[in-house]
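Please look over the report below, which goes through the confidence, fold, surface and charges of one protein model.

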Amino acid sequence: MTEFDLSHLIIVAVGMLLAGGIIGLAIGRSTSPQSKATETLKEELEQLKEEQRDYQHEVAEHFAETADLVNNMNQSYKAVHEHLANSALKLSNPDISRQILEAGTSQPALESQAMGELQEQPKDWAPKNPGDKGTLSEDFGLEKHGTAEPEESEAKEEEKA
């Protein structure tokens, strides 16, 4: 019977040793500086994400308010111009009032282009004279040094003399 009791005792001891090791490992990991640093980094990351969301929201609000203010400014400009035009009709001669009205109805360059007055599109190539080599030619910009044709070298010698 001692054999049976001894084997049970060994099994229980090994089980307790494993359980203690697992519990000690879990406690060690939860209190280690690395786990604390990881938690700190996670908290900082969440805080930075929240700050970024707030910043993006502020930027969106800024541009929306700017668009409203510009729109209000345009409306005010139109109201001032209409007031001046109406006052000019009442208070001055017809030539001045006609000039003010024409100035107020003139379209900016971008609007006139959109209305059909399209300009020529820019070219994505450089114009060249007939007979010239294009920039995509294999020998464009290359000069032959020392391998000039005999006729060319004779012509150069004659020029020197």
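What share of the 161 residues in the protein do buried residues make up? Buried residues account for 4% of the 161 residues, where buried means under 20% relative accessible area, exposed means over 50%, and partly exposed lies in between (1.4 Å probe, protein chains only).

This is a predicted model, in which local features need a pLDDT of at least 70 and side-chain atom pairs count only at pLDDT 80 or more, whereas totals for chains, interfaces and linings use all residues. Residues are numbered from 1 along each chain as its sequence is written, and side-chain values use heavy atoms, with hydrogens and water left out.

The pLDDT, which is the predictor's confidence in each residue on a scale from 0 to 100, averages 77 over the protein, and 70% of the residues score at least 70. Confidence is highest in helix α2 (residues 33-91), with a mean of 90, and lowest in helix α4 (residues 109-114), with a mean of 50.

The secondary structure consists of five helices and zero strands, giving the pattern α-α-α-α-α along the sequence; helices (H or I, at least four residues) and strands (E, at least two) are DSSP runs, numbered from the N terminus.

The protein exposes about 15300 Å², of which carbon and sulfur atoms supply 59%, with accessible areas taken from the Shrake-Rupley method with a 1.4 Å probe, and only the protein chains shown counting as cover for residues. On this surface, L6, L9, I10, V14 and L18 make a nonpolar patch of about 500 Å², and L18 lies in helix α1 (residues 2-30). A patch of negative charge is formed by E51, D54, E58, E61, E65 and D68, and E65 has its place in helix α2. Patches are made of residues with over 30% relative accessible area and no salt bridge, like charges being joined within 9 Å and nonpolar side chains (Val, Leu, Ile, Met, Phe, Trp, Tyr) within 5 Å.

One salt bridge is found in a search of the whole structure, the term being used for a side-chain nitrogen of Lys or Arg within 4 Å of a carboxyl oxygen of Asp or Glu. The partners are R53 and E50, whose closest N and O atoms are 2.8 Å apart; because they are three residues apart in helix α2, R53 and E50 are separated by about one helical turn.

The table gathers the accessibility of individual residues.

| Residue | Relative accessibility | Class |
|---|---|---|
| R53 | 45% | partly exposed |
| E50 | 39% | partly exposed |
| E65 | 52% | exposed |
| L18 | 56% | exposed |

Notes: Lys and Arg count as positive and Asp and Glu as negative; His and the chain ends are not counted. The place of a charge is taken as NZ of Lys, CZ of Arg, CG of Asp or CD of Glu.
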